[in-house]
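Student: Can we go through this one together? I'd like to start with the ligand site and then move to the strands and helices.

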Amino acid sequence: MKPKILISACLIGENVKYDGGNNALHVKILEQWKEEGVLVPLCPEVLGGLNVPRSACEVIEGTRTVICKTGEDVTQEFAQGAKESLRLAKEEGVCMAILKARSPSCGKDIIYDGTFTSTRVNDSGITCKLLQESGIPVFSEEELSFAEAFWRQKG
Ligand code: SF4
């Protein structure tokens, strides 16, 4: 059986973004993976109980506290979504994750700083961090060629 891949659901066209849209990537390798049935799509924020649409959220720099633009604290929902994502990743036995860049849940290495001023910081989103801490390799959609090479090694 080919190794499975956890993927941010918005990257394959599911309308789970905070604004009700998606971040669909129309690239050959994703189509191929979809046809092969190896993708495990999920949205940590929806898994954590947040609605679509919802307010934009950011992680406060240097913490795991997450706030909405409206001021609401959604740390618990983000933590729950991360926990549930990890549970599914383990249940499905994924070999890696491909997560949406710069999201407060999914972003890898670079996210926004919690001031809602489009200021970037070197950190990762809540789910990305938990997956990495649990030993699951994460790639962003901007690193698809590396992700593909890694997946082929595992297959
Ligand atoms: Fe996409 Fe992740 Fe944001 Fe959900 S939490 S909309 S999967 S980037």
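Tutor: What follows is a short walk through a predicted model.

Student: Where does the ligand sit?

Tutor: The ligand is in the largest pocket.

Student: Which residues come nearest to the ligand?

Tutor: Cys10, Cys43, Glu45, Lys100 and Cys106 come nearest, out of 14 residues around the ligand.

Student: And how do the residues of the shell divide into nonpolar, polar and charged?

Tutor: Seven are nonpolar, three are polar and four are charged.

Student: Strands next. Is E5 covered on one side or on both faces?

Tutor: On both faces. E5 spans residues 96–99, with Met96 and Ile98 buried on one side and Ala97 and Leu99 buried on the other.

Student: What does E5 pair with?

Tutor: Strand E1, residues 5–8, is joined to E5 by three bridges, and the two run parallel. Strand E8, residues 138–140, is also joined to E5 by three bridges, again in parallel.

Student: Which residue of E5 stands opposite isoleucine 7?

Tutor: Isoleucine 98.

Student: And what is the bridge partner of alanine 97 in E8?

Tutor: Valine 138.

Student: Changing topic: where is cysteine 57 found?

Tutor: Cysteine 57 is in strand E3, which covers residues 57–59.

Student: Why does cysteine 57 count as buried?

Tutor: Because its relative accessibility is 10%, and buried means under 20%.

Student: What is cysteine 57 in contact with?

Tutor: Setting aside neighbours within four places in sequence, cysteine 57 contacts Val66, Ile67, Cys68, Val74, Phe78, Pro104 and Phe116.

Student: How far apart are cysteine 57 and phenylalanine 116?

Tutor: In sequence, 59 residues; in space, 8.3 Å from C-alpha to C-alpha.

Student: On to the helices. Where is threonine 75?

Tutor: Threonine 75 is in helix H3, residues 75–92.

Student: Does threonine 75 count as buried or exposed, and why?

Tutor: Threonine 75 counts as buried, because its relative accessibility is 18% and the cut-off for buried is under 20%.

Student: Which residues is threonine 75 in contact with?

Tutor: With neighbours within four places in sequence left aside, threonine 75 contacts Arg64, Thr65 and Val66. Val66 is also one of the contacts of cysteine 57.

Student: Last one, H4. Which residues are buried there?

Tutor: Ile126, Thr127, Cys128, Lys129 and Leu131 are buried in H4, which runs over residues 126–133.

Student: What follows H4?

Tutor: Glycine 135 follows H4, and the phi of glycine 135 is positive, near 90°.

Methods
Residues numbered from 1 in each chain as written. Predicted model: local features only at pLDDT ≥ 70, side-chain atom pairs only at ≥ 80, totals over all residues. Heavy atoms only, no water. Near = heavy atom within 4 Å. 1 Å grid on protein atoms, 1.4 Å probe; cavity = no way out; pocket = protein on both sides within 12 Å on 5 of 7 lines; lining within 4 Å. Sits in = over half its atoms within 2 Å of the grid points. Nonpolar A, V, L, I, M, F, W, Y, C, P; charged D, E, K, R; others polar. Buried < 20%, exposed > 50% of the residue type's maximum accessible area, 1.4 Å probe, protein only. Helix = DSSP H or I, 4+ residues; strand = E, 2+ residues; numbered from the N terminus. Pairing = 2+ DSSP bridges. Contact = heavy atoms within 4.5 Å.
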